[in-house]
Amino acid sequence: MALTLYVDTARWRAHHKHVQEQFPGLVPVCKGNGYGFGHERLAEEATRLGSDVLAVGTTYEAARIKDWFSGDLLVLTPYRRGEEPVPLPDRVIRSVSSVDGVYGLVGARVVIEVMSSMKRHGVSEQDLPQLHSAIENVRLEGFAIHLPLDRTDGSDAVEEVIGWMDRLRAARLPLHTMFVSHLKADELARLQQQFPQTRFRARIGTRLWLGDHEATEYRGAVLDVTRVAKGDRFGYRQQKAASDGYLVVVAGGTSHGVGLEAPKALHGVMPRAKGVARAGLATVNRNLSPFVWGGKQRWFAEPPHMQVSILFVPADAPEPKVGEELVAHLRHTTTQFDRLLDR
């Protein structure tokens, strides 16, 4: 009995091919929990795509994945002097976001990140004159720019990249390769047309692995079903059942990521109102679970346990049976499955 990730493999891979066709020179990203699939599986899929570079989040991820992917590994977290040394092969490329970082990586393969409107990290325009001497002692693989997802000010992503291309060109820095993130296919094509001597390579994770929502599905197996009457006490905290129904024990708890949720950026009145309503219900121990039964998301009977969740299903709904599976609406990047099944 498990929390299972089902993958419609043919459909999933067809989507990968479609994205690859839209973004020539695509660099797949495999970081965190491997977007819910695991590092080993995504390394296998990147190899299947014929990728020569796979981007990972940290040096620790690079050390784990190096035996699963034979091409180059691009570490996205910028190098910092004093970081813990991790033994890595020469095919690992380090990102750098400061002149000092470049000087600290003598002989290494590096990609230099420039500061975008994200304002997260990157070299500034004022740093560019100092890069001439700094890059003499490294193997420069190119520059990179990480762009925001939303542009509420109406600015143009392509224009932001062009601005940096012009600055780098004016500083007489090599522009053979530019790694980009969060561009649309037509935006990438515009850049490639305007700068034919530069190879633009899109680093893509979410859109590649999770872009087709119908290709994957989580399901939790029903482990036990207990009928309860209104007023019956149950669970760790011995709460009272609000009405007649069933306590359904389903595979999937906090160790799987069930009940855990990353903060969301809310836009508009309705999403904010729903957020306020959810918060209000939570104060009286009413929390909606990700599990669906009888066409509805069901409420947690109590907070999820480590490996299972207990749901309350009212008496007017069909009675779940042990061994049946409940669809679970879970976020891939925060979920750990017990098993993955291709179908």
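With which residue does Glu325 form a salt bridge? In the predicted model described here, the partner of Glu325 is Arg339, and the closest N and O atoms of the pair are 3.9 Å apart. A salt bridge is taken as a side-chain nitrogen of Lys or Arg within 4 Å of a carboxyl oxygen of Asp or Glu. Because the model is predicted, local features need pLDDT of at least 70 and side-chain atom pairs count only at pLDDT 80 or more, whereas totals for chains, interfaces and linings use all residues. Residues are numbered from 1 along each chain as its sequence is written, and side-chain values use heavy atoms, with hydrogens and water left out.

Helices (H or I, at least four residues) and strands (E, at least two) are DSSP runs, numbered from the N terminus. Glu325 counts as partly exposed at 22% relative accessibility, and Arg339 is likewise partly exposed at 37%. The classes of accessibility are buried (under 20% relative accessible area), exposed (over 50%) and partly exposed (in between), with a 1.4 Å probe and protein chains only. Salt bridges with shared partners also join Arg13, Arg41, Glu44, Glu45, Arg48 and Asp342 into one network.

In total, the structure holds 22 salt bridges. One of them is formed by Asp100 and Arg81, with 2.8 Å between the closest N and O atoms. Asp100 is placed in helix 4 (residues 99-103) and Arg81 in the loop between strand 4 (72-75) and strand 5 (92-96), so this pair ties together parts that are 19 residues apart in sequence. Asp100 is partly exposed, at 42% relative accessibility, and Arg81 is partly exposed, with a relative accessible area of 47%. A further salt bridge connects the side chains of Arg227 and Glu319 (3.7 Å, N to O). This pair links distant parts of the chain, with Arg227 in strand 10 (residues 216-228) and Glu319 in the loop between strand 16 (308-314) and strand 17 (325-328), 92 residues apart. Arg227 counts as exposed at 57% relative accessibility, while Glu319 counts as partly exposed at 31%.

Helix packing was examined next. Two packed helices are described by the angle between their axes and the distance between the axes. Axes are lines fitted to C-alpha atoms, for helices over the stretch in contact, and angles run from 0 to 180 degrees between N-to-C directions. Helix 1 (residues 9-22) packs against helix 2 (residues 39-48) at an angle of about 60 degrees, with the axes 11 Å apart. The two helices are therefore oblique to each other; angles under 35 degrees count as roughly parallel, over 145 as roughly antiparallel, 65 to 115 as roughly perpendicular and the rest as oblique. The crossing of helix 1 and helix 2 is right-handed, that is, the near helix is turned clockwise from the far one by less than a right angle. In the contact (heavy atoms within 4.5 Å), Thr9, Trp12, Arg13 and His16 of helix 1 meet Arg41, Leu42, Glu44, Glu45 and Arg48 of helix 2. These residues comprise two nonpolar, two polar and five charged, where Ala, Val, Leu, Ile, Met, Phe, Trp, Tyr, Cys and Pro count as nonpolar, Asp, Glu, Lys and Arg as charged, and the others, Gly among them, as polar.

The axes of helix 6 (residues 157-170) and helix 7 (residues 185-194) come within 10 Å and cross at roughly 30 degrees. Helix 6 and helix 7 are therefore roughly parallel, and their crossing is right-handed. Ala157, Val158, Glu159, Val161 and Ile162 of helix 6 make the contact with Glu187, Arg190, Leu191 and Gln194 of helix 7. By class, this contact has five nonpolar, one polar and three charged residues.

Phe200, in strand 9 (residues 199-204), is buried, with a relative accessible area of 1%. Leaving aside residues up to four places away in sequence, Phe200 touches Pro24, Val161, Met165, Met178, Val180, Leu188, Leu191, Gln192 and Phe195. His256 is located in the loop between strand 13 (245-251) and helix 9 (269-282) and is buried, with a relative accessible area of 5%.
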